[in-house]
Amino acid sequence: ENFPGINRIMTGMRANNQVDIQWELYKVGETGEHKAIRTLSSQSLRDVLKGTGKSCDLDAIYKLKAAYLRKQINIKVNQDSFAVFMNNFRSRNSFSRVTFECLAEEFEREFNFDLVEAICELYDQHGLAALRVQDIEQYTGKGNEGPMLAFSVWNSSDVNGIISAYTDKGDGSRDLLNVGDFMIRAGECSRICFPLSHSVGGVILQSNLAQNIPGNYIYNFMEFPQEALVHAGRKKLEPSCFLPSSGEIVVDNEDQGFHVFASETKESLLGKLLQDKMIVEDSGVDFLTDNAPGWVSSVYIDAYGFPVRSFLGKKTKNSQARAEWKTEIPEQGEYGVSIYKLDLDFRYQRQADSVAYYYTLEQGDYRADIVMSFLRNGLQNIYLSDNLGRKEEYSYQQQMPQCGWIQVGVLPLVKGKVKLILHDKGAFPEQLVFADAVKWVKKS
């Protein structure tokens, strides 16, 4: 009666919830678990079970809650000892009806872990942790010290969270090894260092039950680890380490400064009147199908944003539809303008040899037109012209498609409002365009 569905959580705790590197990490789109996280960001499990909020996938919620409880236990209890205890408990109570309180009493005697307290928190806690992760590094120890892994994390919420670290096993297989689970207290901002059994090619940090969507952060170590004397433990950091640098302004598609507009043709009049409904939520829809005629919102592990790494995409129609990023320039000067570019163009448009994005920056009477062209062979071109007579062209080669910031020009801006517009046109009819984030950085 106190914990409805507790059997599903206890059973789910025994499931293998390890990251599936092949099928989950680079998937585009929201999953049932992502939708469950959005629900739990504002409701407790007990609220959901009472039906006081929006309906959602209970299976996904129970799975997330069970996995989180298992991580809480892993931090304090040896995993092998936990497995032995649970197997023995099940064997002794086969074909019997056993109360949760009975299990909790035995568990506390064995491990000095208050399972009832943990379950109460699991059912009644409102909100989720928000975990910022950065500066992931691997070190080679000096002398007899082995390799170390380090990362910085800031929990900017008032709810505890857990970060889990996974690496390769070092045996050439694609299996993952859970090398650590770390409780990140509400408000905590730390540099965490811990030992590894072997040097690794990369690491996946998983945010578990947190607002982060997607919840995995991948870092591949392309160079040999640097040699340094690093000690295991936690070092307190200031939250300012995670904030944008001075003179840097970022507008993400999740921010208030971002807007999309439908075509101003007669056919889209209804859409124009219903601006709030113009972004279609991703439900596994393919950007290339006619089921998604307008802007589609989706999530991707390499998109920009916090806590949600989302973006928008649409098929171009050569209409007046557009996406806009607006901000306020604090003082006059030269500003580098950068666009966060996703690596999805040729993943979705496999027959295309090139794609193009058309932008316009506007501030008062000033206007600059920018064209970004991307070829399948990795050649990237940027064309910039403004109404002051400036004309520039840049070209560079990229070995592999990757997500990241691309500076499209350094422009003279004055104090006041500025906007960048992405137009509804491409290199060919119905080309896909993606909109994520834009950055302005003061140069002088």
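Biologist: What is the order of the strands in the open sheet of 5 strands?

Modeller: In this predicted model, the order is S8-S1-S2-S5-S9, and the pairing is mixed.

Biologist: What makes S8 and S9 the edge strands?

Modeller: Strand S8 (226-227) and strand S9 (233-236) each pair on one side only, and they are the edge strands.

Biologist: How do you know that S1 and S2 count as paired?

Modeller: Pairing requires at least two bridges between the strands. One of the bridges has Gln-134 and Ser-152 as partners.

Biologist: Why is the contact between Arg-191 and Glu-137 called a salt bridge?

Modeller: The cut-off is 4 Å between a side-chain nitrogen of Lys or Arg and a carboxyl oxygen of Asp or Glu. The N to O distance for Arg-191 and Glu-137 is 2.7 Å, and the pair therefore qualifies. Arg-191 lies in strand S5 (residues 189-195) and Glu-137 in strand S1 (residues 131-140), 54 residues apart, so the pair links distant parts of the chain.

Biologist: Why is Arg-191 called buried, and why is Glu-137 called partly exposed?

Modeller: Buried means under 20% relative accessible area, and partly exposed lies between that limit and 50%. Arg-191 has 12% and is therefore buried. Glu-137 has 28% and is therefore partly exposed.

Biologist: What makes the pair of Glu-324 and Lys-326 a salt bridge?

Modeller: The N to O distance is 3.8 Å, and the limit is 4 Å, so this pair also qualifies. Glu-324 is buried because its relative accessibility is 2%, whereas Lys-326, at 38%, counts as partly exposed. Both residues belong to a network of salt bridges that also includes Arg-322, Glu-362, Arg-367, Asp-369 and Lys-419.

Biologist: How many salt bridges does a search of the whole structure find?

Modeller: The search finds 21. Among them is the one between the side chains of Asp-59 and Arg-8, with an N to O distance of 2.1 Å. That pair links helix H4, which holds Asp-59, to helix H1, which holds Arg-8, across 51 residues. Arg-8 counts as partly exposed because its relative accessibility is 36%.

Biologist: How do you know that the span of helix H6 agrees with its number of residues?

Modeller: At 1.5 Å a residue, the 12 residues of H6 (residues 100-111) should span 16 Å. The end C-alpha atoms are 16 Å apart, and therefore the two values agree.

Biologist: Which residues of H6 are buried, and what do they pack against?

Modeller: Phe-100, Leu-103, Ala-104, Glu-106, Phe-107 and Phe-111 are buried. The buried residues of H6 pack against helix H1 (6-12), helix H4 (58-76), helix H5 (79-92) and helix H7 (115-124). Asn-112 follows H6 and has a positive phi, near 55°.

Biologist: What percentage of the 444 residues in the protein is buried?

Modeller: Buried residues make up 49%. The secondary structure comes to 9 helices and 24 strands.

Key. Residues numbered from 1 in each chain as written. Predicted model: local features only at pLDDT ≥ 70, side-chain atom pairs only at ≥ 80, totals over all residues. Heavy atoms only, no water. Helix = DSSP H or I, 4+ residues; strand = E, 2+ residues; numbered from the N terminus. Expected span 1.5 Å × (residues − 1). Buried < 20%, exposed > 50% of the residue type's maximum accessible area, 1.4 Å probe, protein only. Contact = heavy atoms within 4.5 Å.
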